[in-house]
Amino acid sequence: MNSTHEVFNQPEPLVGYNLFETNRPLRDALKFNAPQLQVAQLQELGATIGSAEMQAHARLANTHPPELHTHDRFGRRIDEVEFHPSYHALMAAAVGAGLHGTPWTGTSASPHVLRAAGFMLFTELEPSILCPVSMTYAATPALRSNAAVYADWGPKLGSLWYDPALASFKDKPGLTMGMGMTEKQGGSDVRANTTQAVRDGSDAWGERYAITGHKWFFSAPMCDAFLVLAQAPAGLSCFFLPRVLPDGSRNAIHIQRLKDKLGNKANASSEVEFHGASAWLVGEEGRGIPQILEMGTMTRLDCALGTSGLMRQALGIALNHASQRMAFGKPLIEQPLMKNVLADLALESEASTALAIRLARAFDRQADEHERLMARLLTPVAKFWICKRGSHFAQEAMECLGGNGYVEEGGEGIMARIYREMPLNSIWEGAGNIMALDLLRGLRKGDAVAALAKELAPARGQHAALDRLADALPARIEAMASEAEARRLAQDVALAVQAALLAQTAPPAVVGAFCASRLGGDWGNAFGTLGAGTDFDSIIERAQPR
């Protein structure tokens with residue numbers, strides 16, 4: 001006998017399918033939030049990123065992480081990061097789909113919703129490369145505070161061409177931007193920044209400064225330019241800092257090292273020093289904090305979208321595995337306990353999708369007072385709650401695959417990559433406490449009680465548990481005096497809005513199970529503890545990726 005065993009009962013990988021057409025919760029969320037939206041672009045993107053070719057690019061970009069070259073072989077300082085070709089293929093696909101610039105250059109009636117759906121879908125393929133995509137999305141409108149810079153850079157930041165060359169903006173068909181805000185001594189407390197900006201004359205782009213200092217987290221250092229914070233004579237200010245100066249010379253940005261991160265391997269995150277680097281003032285001196293908060297609002301939306309996309313990907317892999325794997329005489333998906341776990345994960349994924357797309361709708365309707373206030377409230381709420389749920393979700397989805405999910409090899413090895421990626425969105429752009437505090441600030445910006453009441457009103461009467469929570473929220477908001485309770489309030493606002501959205505977009509089986517578990521207490525302390533009366537089969541069928 002020459003062989004020890006025959007390989008069988010191994011599921012085929014989840015590949016070669018259309019991620020958009022099979023995502024019913026996302027399609028229903030789009031119909032609710034942007035009923036006139038043309039989805040042909042999303043259908044095309046869903047087919048592209050579900051292909052074996054693109055999934056191979058995602059694997060290779062993570063297997064071969066970026067490498068830093070500080071000097072060339074002759075000893076000249078070059079500060080360049082080298083990426084695997086698959087990284088560039090992924091970037092070209094994301095930029096070509098307009099995930100960085102659609103809202104600023106597109107003609108869609110709901111550009112933020114369209115872009116949000118595409119961003120969420122692309123996250124299922126590879127989230128790391130979306131860091132520079134997200135930063136370009138957030139930084140582009142901020143440049144309008146320097147009209148001269150925006151005139152030169154704005155059109156190319158919205159271009160669908162990706163050009164990785166380190167060259168002058170004049171010679172490139174498309175551009176990307178990054179950000180440099182935090183320093184080692186301050187982190188989220190950017191007021192503690194010590195990097196200095198000294199006036200250095202003026203030119204066609206306005207007031208020019210020499211920047212000296214450092215940034216502790218400087219992601220995507222091969223972007224064409226960055227918005228950075230530095231201390232100017234009038235206080236913390238925002239500056240436009242290009243990699244290549246208008247005369248074609250390289251700016252004095254020295255990359256010290258690349259971060260060795262838990263996940264997010266395909267993306268280069270660096271530590272840098274500025275040695276008299278040239279930068280141009282964006283907006284007014286001393287107004288850096290308000291400007292960074294405005295940009296942070298958009299990147300926080302992307303955190304919620306990204307985690308929702310990763311949840312959907314993890315759920316799809318778990319469902320694909322359980323549908324094919326035989327265990328104890330029948331498919332794993334037919335085992336009662338596995339049904340409970342998969343249905344519970346499906347509820348969490350759909351609720352996250354519903355909240356994230358609802359938040360994107362608010363960005364599209366900033367002329368409406370209610371939508372402005374909802375954007376202010378739901379941004380920290382969605383970022384806090386969805387991202388907090390992500391790591392727990394990924395662990396449970398990985399467990400559905402058993403030991404195969406823990407191994408970083410093959411189609412199911414993607415689950416380990418998802419698990420390592422999940423904590424990032426919770427930390428990036430402000431961790432949980434920052435989000436909870438931001439919610440408290442948002443509650444003081446307008447009539448939050450009336451805004452939430454209006455938001456929840458269409459779902460009143462759909463479930464007793466939702467009605468009870470909606471009745472209790474006004475008094476809790478008005479009495480909120482202690483920061484110590486802010487996290488719980490953020491959680492409960494998120495759950496109430498998620499339930500209200502599901503009541504308007506999802507089938508009764510989903511709505512009933514979500515409200516009974518998350519709001520009514522018919523739930524344990526882990527996924528897979530839904531009540532025995534749950535319609536597991538209907539919930540699972542709705543979530544299937546094929």
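Buried here means under 20% relative accessible area. Keep that cut-off in hand for this tour of a predicted model.

**Stop 1: Asp 302**

Select Asp 302, in helix H9, which spans residues 288-324. Is Asp 302 buried or exposed? Its relative accessibility is 2%, so Asp 302 counts as buried. Now show side chains. The side chain of Asp 302 makes a polar contact with that of Ser 134, at 2.5 Å. You pick up Arg 115, Phe 119 and Tyr 137, along with Ser 134.

**Stop 2: helix H1**

Go to residues 24-33, helix H1. Select Pro 25, Leu 26, Ala 29, Leu 30 and Asn 33; these are buried. Look down the axis. The five lie on the same side of H1, because they cover an arc of only 135° around the axis. What do the buried residues of H1 pack against? Display helix H2 (40-49), helix H6 (111-123), helix H10 (336-364) and helix H19 (536-543): these are the partners.

Then step to Asn 23, which caps the N-terminal end of H1. One of its side-chain oxygens sits 3.1 Å from the backbone nitrogen of Leu 26.

**Stop 3: H15 against H17**

Select helix H15 (residues 448-456) and helix H17 (residues 486-505). Their axes are 9 Å apart and meet at an angle of about 30°. Angles under 35 degrees count as roughly parallel, so H15 is roughly parallel to H17. Color the contact residues. H15 supplies Leu 452, Glu 455 and Leu 456; H17 supplies Val 493, Ala 496, Val 497 and Ala 500. By type, this H15–H17 contact has six nonpolar residues, no polar ones and one charged.

Definitions and conventions. Residues are numbered from 1 along each chain as its sequence is written. This is a predicted model: local features need pLDDT of at least 70, side-chain atom pairs count only at pLDDT 80 or more; totals for chains, interfaces and linings use all residues. Side-chain values use heavy atoms; hydrogens and water are left out. Helices (H or I, at least four residues) and strands (E, at least two) are DSSP runs, numbered from the N terminus. Buried means under 20% relative accessible area, exposed over 50%, partly exposed in between (1.4 Å probe, protein chains only). A polar contact is a pair of N or O atoms within 3.5 Å; within protein, one must be able to donate a hydrogen and the other to accept it, and residues adjacent in sequence count only if both atoms are side-chain atoms. Contact means heavy atoms within 4.5 Å. The arc is that of the directions from the helix axis to the C-beta atoms. Axes are lines fitted to C-alpha atoms, for helices over the stretch in contact, and angles run from 0 to 180 degrees between N-to-C directions. Angles under 35 degrees count as roughly parallel, over 145 as roughly antiparallel, 65 to 115 as roughly perpendicular and the rest as oblique. Ala, Val, Leu, Ile, Met, Phe, Trp, Tyr, Cys and Pro count as nonpolar, Asp, Glu, Lys and Arg as charged, and the others, Gly among them, as polar. Lists of a residue's contacts leave out its neighbours within four places in sequence.
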